[in-house]
Amino acid sequence: MPGDEASAAAPAPPARAERFIWLTARVLEQRRFAYHFLGGEADAVDTALGSYLGADGGYGHALDPDLRGPLSQPLHTAHALRILDGLGRCAGQRIERLCRHLTRISTPEGALPLAVAVPHGHPSAPWHQVCDDPPGELVTTGPVVGVLHRNRIWDAWLFRATEFCWDRVETLRQAHPYEVQGAVSFLDGVPDRARAAAAADRLGRLVRERRLAVLDPDRREEYPLSPGYAPGERLFPYDYARRPESLARSWFTDEEMRRSLEFLAAEQQPDGGWPVHRRAWAPGGTLERRPIATIEALLTLRAYGWPLG
């Protein structure tokens, strides 16, 4: 595997991806790319992200391209926190207001639903069913709780949400790949590291038994698709272990990880961007998501010391 997983030297700016970003990305993704790969300012990213912030303390305005309209949604919050975490700015009054917002929209068990009902029926992807009494989901709650814990945020909302995540993670018997991603995000951030390691070990065995990760990219069509997923919407080791220090890294051998990263690097398209394997459902959805996918691919490859293009 090129480079050293533990400490990768900073590579040259990814020229092909840079051109793709300038041609296609929203201002937020342009600013994120500049910050992570071109020495840009964190303030510029923060300002761009602020345009998605609502008066209720949550995030909206299609920050996650699958949920349209101006109103705050949990998926937008998870995305915003990931961006702030990457800036080292997950703290302060903004996070306090956000936690109050999360308290208001949580289910009775203290968890976040996939989407909350909105009064004007703004469009959303068909796989994000909006109902009046949605259940709590690990897909949304896990990443939010994990990031807040990793940044040593303490709020009353976190106690119940953390217990929800522990209960879901430690009792999972059937899972789909995005739910496992949510579990990993939680386990990578939660303070009880011994308990997290034990839960991750069990979860990794489940992933391998259920074939929820493509371990051989050359035979990816032989791996099962989860119900409702698009053709080709399969997850790979790098989707679970986005960084080498993730607990999910231990689920895969060095060779499995090398093959998956090689496949990820080869997924870069002639225009410099990475593809999106979800179903296309709205004119702007895929267009907006490709720059996001491109930045995430580059961040993962760089974390493992892989050459960028």
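Predicted model: local features only at pLDDT ≥ 70, side-chain atom pairs only at ≥ 80, totals over all residues.
Me: Is H12 mostly covered or mostly uncovered?

Reply: A residue is buried under 20% relative accessible area, exposed over 50%, and partly exposed in between, using a 1.4 Å probe and protein chains only. By that scale, 15 of the 19 residues of H12 are buried, and the helix is mostly covered.

Me: Which residues are buried in helix H2, and what do they pack against?

Reply: H2 runs over residues 27–37, and its buried residues are Leu28, Glu29, Arg32, Phe33, Ala34, His36 and Phe37. Contact means heavy atoms within 4.5 Å. The buried residues of H2 pack against helix H1 (15–24), helix H3 (42–50), helix H4 (74–87) and H12. Just after H2 comes glycine 39, with a positive phi of about 75 degrees.

Me: Which residues other than glycine have a positive phi?

Reply: Alanine 62 and arginine 152 are cases to look at. Alanine 62 has phi near 60 degrees and sits in the loop between H3 and H4. Its relative accessible area is 6%, so alanine 62 is buried. Arginine 152 has phi near 55 degrees and belongs to the loop between H6 and H7. With a relative accessible area of 71%, arginine 152 is exposed.

Me: How do I read the packing of helix H7 with helix H9?

Reply: Two packed helices are described by the angle between their axes and the distance between the axes. Axes are lines fitted to C-alpha atoms, for helices over the stretch in contact, and angles run from 0 to 180 degrees between N-to-C directions. H7 (residues 156–171) and H9 (residues 193–209) pack at about 35 degrees, with axes 9 Å apart. H7 contributes Trp166, Val169, Glu170 and Thr171, and H9 contributes Arg195, Ala196, Ala199 and Arg202. By class, that makes four nonpolar, one polar and three charged residues; Ala, Val, Leu, Ile, Met, Phe, Trp, Tyr, Cys and Pro count as nonpolar, Asp, Glu, Lys and Arg as charged, and the others, Gly among them, as polar.

Me: What surrounds threonine 141?

Reply: Threonine 141 lies in helix H6 (residues 138–150) and is buried, at 0% relative accessible area. Not counting residues up to four places away in sequence, threonine 141 touches Ala111, Leu112, Ala161, Phe164 and Cys165. For polar contacts, look for N or O atoms within 3.5 Å; within protein, one must be able to donate a hydrogen and the other to accept it, and residues adjacent in sequence count only if both atoms are side-chain atoms. Here a polar side-chain atom of threonine 141 lies 2.9 Å from the backbone nitrogen of leucine 112.

Me: And arginine 249: buried or exposed?

Reply: At 8% relative accessibility, arginine 249 counts as buried. It is found in the loop between H10 and H11, and a polar atom of its side chain lies 2.8 Å from the backbone oxygen of phenylalanine 252.

Me: Finally, how many aromatic pairs are there?

Reply: Rings of Phe, Tyr and Trp (its six-membered ring) pair if their centres lie within 6.5 Å; planes under 30 degrees apart are stacked, over 60 edge-to-face, and the rest tilted. The structure holds eight aromatic pairs. Tyrosine 178 and tyrosine 229 have ring centres 5.0 Å apart and planes at 25 degrees, so the pair is stacked. Tyrosine 240 and tryptophan 251 have centres 6.0 Å apart and planes at 50 degrees, so that pair is tilted. Both tyrosine 240 and tryptophan 251 are buried. Ring pairs also link Phe236, Tyr238 and Phe263 into a cluster.

Key. Residues numbered from 1 in each chain as written. Heavy atoms only, no water. Helix = DSSP H or I, 4+ residues; strand = E, 2+ residues; numbered from the N terminus.
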